[in-house]
Amino acid sequence: MKLGEYSALFMIRRLLEEAHADGFVGVCHYRRYALVAEIGELRGFNYHARPDELRGLPIDAFIGDGTAPVISAPINFPGTVLQQYSANAVGRDLLMFFGDAVDCGVIESGEAVNFLSGTSFITAGNVGYMPVTWFVETMRQLEEVVARFAHNHYIRREGYEERTMGLCCERLHGLLLRRKALEYGADK
């Protein structure tokens, strides 16, 4: 079962909990960052920057003023979230994963329906600068859903679809981050 970067994120959650960490945590991917500045060339919905464009960036490009969360913006797609997922993977997996999220009490049924039939979500929720409490709670919820899905509904897939678990996590993670942002005040 391939979790991609989520296996590392789950470990980071455990480390933060063991350290009784508070404040903010910043996470990035080896090739993906959440920035408050537009750097590079816009391609699709991401800015692509060369390493020399990122070198020497001040810390505030990554954390803003250090007092507010920095997360990816929602991206609008031409179809629904479920259609977008199903274009490259098996839609059944996302449906079952979200069903397990409902069964775990992480989200409500109506919330799952609205999200999966909506046309936008926060991609790359695995990068940003956010309160430790946000990170720990969302990672704990994701890991709970992963465990249930792995036990009850996971089917090993080949090729690109081998990433099913990580792809499902990305979508649920986007929904959970959106919820946090709305509670915080998305305008902030």
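Guide: Let's begin with His20, which is exposed at a relative accessible area of 70%. Here, buried means under 20% relative accessible area, exposed means over 50%, and partly exposed is in between, using a 1.4 Å probe and protein chains only. Before we go on, this is a predicted model, where local features need pLDDT of at least 70 and side-chain atom pairs count only at pLDDT 80 or more, while totals for chains, interfaces and linings use all residues. Residues are numbered from 1 along each chain as its sequence is written, and side-chain values use heavy atoms, leaving out hydrogens and water.

Back to His20: you'll find it in the loop between helix H1 (6-18) and strand E1 (24-27). Helices (H or I, at least four residues) and strands (E, at least two) are DSSP runs numbered from the N terminus. His20 isn't a glycine, yet its phi is positive, at about 50°. Ala124 is another residue other than glycine with a positive phi, near 55°. Ala124 sits in the loop between strand E6 (120-122) and strand E7 (128-131). At 11% relative accessibility, though, Ala124 is buried.

Thr80 is a loop residue too, between strand E5 (74-76) and helix H4 (81-86). Thr80 counts as buried, at 19%. If you skip its neighbours within four places in sequence, Thr80 touches Leu116, Ser117, Gly118 and Thr119, contact being heavy atoms within 4.5 Å.

Now for a pair of helices. H5 (residues 91-103) and H7 (residues 132-152) pack at about 120°, their axes 9 Å apart. That angle makes H5 oblique to H7. The crossing of H5 and H7 is right-handed. On the H5 side, the contact uses Arg92, Asp93, Met96, Phe97, Asp100, Ala101 and Asp103, and on the H7 side Val145, Val146, Arg148 and Phe149. Sorted by class, this contact has six nonpolar, no polar and five charged residues.

Axes are lines fitted to C-alpha atoms, for helices over the stretch in contact, and angles run from 0 to 180 degrees between N-to-C directions. Under 35 degrees is roughly parallel, over 145 roughly antiparallel, 65 to 115 roughly perpendicular, and the rest oblique. A crossing is right-handed if the near helix is turned clockwise from the far one by less than a right angle, and left-handed if anticlockwise. Ala, Val, Leu, Ile, Met, Phe, Trp, Tyr, Cys and Pro count as nonpolar, Asp, Glu, Lys and Arg as charged, and the others, Gly among them, as polar.

Side chains of opposite charge can pair when their charged atoms come close. A salt bridge is a side-chain nitrogen of Lys or Arg within 4 Å of a carboxyl oxygen of Asp or Glu, and the whole structure has 15 of them. In one, Arg157 pairs with Asp93, with the closest N and O atoms 2.9 Å apart. Arg157 is in the loop between H7 and helix H8 (164-184) and Asp93 is in H5, so this pair ties together parts 64 residues apart in sequence. Arg157 is buried at 15%, and Asp93 is buried at 0%. Asp103 and Arg148 also form a salt bridge, at 3.4 Å from N to O. Since Asp103 belongs to H5 and Arg148 to H7, the pair ties together parts 45 residues apart in sequence. Arg148 is partly exposed, at 32%.
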